[in-house]
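Here are my notes for you to read beside the model. Keep the viewer open and check each point as you go.

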Amino acid sequence: MNKKSLLGFLALILTVPAFFACKKTDHTSEVIVTERPTPSITIKPIQSQDFSTDYLLTIDSKNGYEISNLLYGLFLEDINFAVDGGLYAEMVKNRSFEFGSMAKGQNLHGWSVDEGLDCNVIDGNLDHSYINQNNPHYLNIRNTTSSELQINNSGFLDGMTITEGATYKFSGYFRSKEGISSVHILLKDESGYIYASATIPEITDEFHKYEVTLTASKSASSTLGVGLYIVFGKGSVDTDMISLFPQDTYKGRPNGLRKDLALALEELSPTFLRFPGGCVVEGETLENSYSWKDSIGNGLPFEINGTVTYGDVATRPLSENLWGDQNSASNHPYYMTYGLGFYEYFLLCEDLGSEPIPIVNAGLSCLIQGTKKVGTPADALPVDSEEFYQYIQDAIDLVEFCKGDETTTWGAIRIAMGHKDPFKLKFIGIGNEQWGTVYFERYEQFVKAFEKAALEKPELYKDIQLIVANGPASTDNYAWKKIKLFGTEYAGLVDEHYYMPPSWFLSNINRYDSYDRNSVPVFLGEYAAKSNNLEAALAEAAFMTGIERNGDIVKLASYAPLFGNSISYQWNPDLIWFKSGVVWKSVNYYVQQLFSTNVAKQVIPSSLTSKQSLQNESTSKVNEIAVAKSLYQVCGLDENNDIILKFVNVSDKPIDITIRIPELKDTNAIITTLSSESLSDMNTVVNPTLITPKEVSVIASKDFTYEIPKYCVSILRIPTK
Ligand code: AHR
């Protein structure tokens, strides 16, 4: 052992637990190289005296192959109150009095009204007295007493959290024909303690948007029952779009995102963002499917205090979210305000540095949830109908919205909304998780329309690639059959989805090894090993070594779902858990983070040799399987030529490995580990950091050993310069 590596070794054993060791060995031997396309772990017999550890990993850092530069991204759907009541920072629930039959209290859901105060929700459709036709209901308040009386909104789910010194932006539309003596805005808790207050100046007789800021004098957690109070003096007033936002949103954007949750996304370094679903794109019926045009107010011009605007949140109609219960009035009704609409999704992509991957409805509702509701084959518009063609037109218009200039209808709306430059847009998903003739005949109409658009307006459409759905299961190959039949022009990417137990992921590491390299690349749009415990996270990590090894054909991969609000959710597990004012990250999150922040540019050939298989050649087949079930790995180079080794030890014992990198000069390497004592361990609100990555620095050389802890994902980053 030379002096430098001895120092490294000493530094390491002083800084890490005893199970963790790294030392240089003196063995040298012929390098065994696996070449593309044999991306699976290979176990080849070599001379047993070559190494004394459980395994020998030999690496050929010279003969790598390029993999996708978009590999690890995110899928964001408004499920589990991920968006309204989650990432979207609006603190007021039912701000526009549009909630309906899914909500207890219907249009007044979320609001409490003092006794003696006369409050009525008015349907402005009847006499056009609304702020605009997309937002027809408003609240009329009449105080005939001489006392000040109030209405109050306590926010989504578990309520509001406020922070001392933080500023909150209140806005609301008010109109008073008969006059009102005063309107005050308060942040107050159940005990009556006032954290901030402001006064609305004189109210005009036409709807006017009023804005005031409130600075909290003290912090309050949601358990104190903090709410927004509007206190009225004598008189009568109409009000709508009552909103409260923290000033400190992600990137300081108005109408922005909860900073803690958005930062959790940023820290995943996502290369792409798939949005807005998932089943919400499809709807149970087409009626409650996500409409991107609704999410930007449908191009309705809207005058705010004398200025004509487009896309303002006040013009975005409310929609039911299919993850809500359509059949009963709930305390936690699930609506989509579209406050985080397509404009904000594209901004988020820019802020995260991610490729936007919007998914649009294919003129067909959800074949699983929708079929349950309306019967097979869900809610499908006739292919030759005008209504169906409108869905195609909407997809075509989406490109214009992103890339068109001020001479185009939808491009002009984007510009009026404040984004002069085009939004990036290369991929559009047509439908989600669908299959069968009912889907493909509709998908094919989209393909035709985009081909035509590309001929007519190549500047907008020629680079757009459509993503075809492939059904909801790991065994589905609906889209692949079509591609075999019609060729690779059929789609730009195939969207595969599967939610399977950990054992499935471990036995399917090689799923993509046999995929045809000349066919359409894969978009693994949704996957998860069905738990937030360490066992599932390790299985996902092991599987991701297979994804990365096949990163030449698997172009994008995203875990699903992304967010879970612990107060009310429809899907568990989720990557990031939260409630009001609190966020905690699952161990699955840290797996995603370790892979995405250490992604390779090139995968480099490697060969893993097991001592066990050498010692027991007669049963080597069996042993190879046993060995492969303990340790999974992939090796790569990043853009700086750093060698990145990813190991996943799913066994309950540490694994000792000799790592052989010919020609490597002694260098400082970083090892990051993610592990815990038991497979059932998980991060929770009570113990949010039970399992988090730990980093140490070591000396790596051309031939060194490393003990991979039990139940561990371990990343070695080895600079070569
Ligand atoms: O990720 C949750 C749901 O799973 C998605 O909405 C859907 O695509 C899939 O069935």
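How many bridges pair strand 7 with strand 14, and in which sense, parallel or antiparallel? Keep that question in mind; point 1 takes it up. One caution before we start: this is a predicted model.

1. **Strand 7 and its partners.** Strand 7 (residues 137-143) and strand 14 (residues 235-246) pair in the antiparallel sense, over five bridges. On this side, Asn-143 stands opposite Gly-235 of strand 14. Strand 7 also pairs with strand 6 (residues 118-123), in the antiparallel sense over six bridges. There, Cys-119 faces Ile-141 of strand 7. Strand 7 is mostly covered, with six of its seven residues buried.

2. Strand 4 pairs with strand 15 (residues 272-275) in the parallel sense, over two bridges. Look for Phe-75, which stands opposite Arg-274 in strand 15.

3. **Helix 6 against helix 8.** The axes of helix 6 and helix 8 come within 10 Å and cross at roughly 45°. The two helices are therefore oblique to each other. Their crossing is right-handed. Helix 6 brings Phe-388, Tyr-389, Tyr-391, Ile-392, Ala-395, Ile-396 and Val-399 to the contact. Helix 8 brings Arg-442, Gln-445, Phe-446, Ala-449, Phe-450 and Ala-453. The contact residues divide into eleven nonpolar, one polar and one charged.

4. **Helix 6 against helix 7.** Helix 6 (residues 386-403) also meets helix 7 (residues 409-416). Their axes come within 7 Å and cross at roughly 45°. Helix 6 and helix 7 are therefore oblique to each other, and the crossing is right-handed. From helix 6, the contact uses Asp-397, Glu-400, Phe-401, Cys-402 and Lys-403. From helix 7, the contact uses Thr-409, Trp-410, Gly-411, Ile-413 and Arg-414. The residues of this contact are four nonpolar, two polar and four charged.

5. **Arg-414.** Pick out Arg-414 in helix 7. Is Arg-414 buried or exposed? Its relative accessibility is 1%, so Arg-414 counts as buried; the cut-off is under 20%. Leaving aside neighbours within four places in sequence, Arg-414 is in contact with residues including Tyr-343, Glu-400, His-419 and Phe-423. Phe-401 is also one of its contacts. Arg-414 and Phe-401 are 13 residues apart along the chain, yet their C-alpha atoms are separated by 6.0 Å.

6. **Glu-284.** Last, go to the loop between helix 3 (279-282) and strand 16 (301-304), where Glu-284 is found. With a relative accessible area of 13%, Glu-284 is buried. Which residues does Glu-284 touch, not counting those up to four places away in sequence? They are Leu-322, Gln-326, Ser-365, Gln-369, Gly-370 and Lys-373.

Definitions and conventions: Residues are numbered from 1 along each chain as its sequence is written. This is a predicted model: local features need pLDDT of at least 70, side-chain atom pairs count only at pLDDT 80 or more; totals for chains, interfaces and linings use all residues. Side-chain values use heavy atoms; hydrogens and water are left out. Axes are lines fitted to C-alpha atoms, for helices over the stretch in contact, and angles run from 0 to 180 degrees between N-to-C directions. Helices (H or I, at least four residues) and strands (E, at least two) are DSSP runs, numbered from the N terminus. Angles under 35 degrees count as roughly parallel, over 145 as roughly antiparallel, 65 to 115 as roughly perpendicular and the rest as oblique. A crossing is left-handed if the near helix is turned anticlockwise from the far one by less than a right angle, and right-handed if clockwise. Contact means heavy atoms within 4.5 Å. Ala, Val, Leu, Ile, Met, Phe, Trp, Tyr, Cys and Pro count as nonpolar, Asp, Glu, Lys and Arg as charged, and the others, Gly among them, as polar. Two strands pair if DSSP finds at least two bridges between them. Buried means under 20% relative accessible area, exposed over 50%, partly exposed in between (1.4 Å probe, protein chains only).
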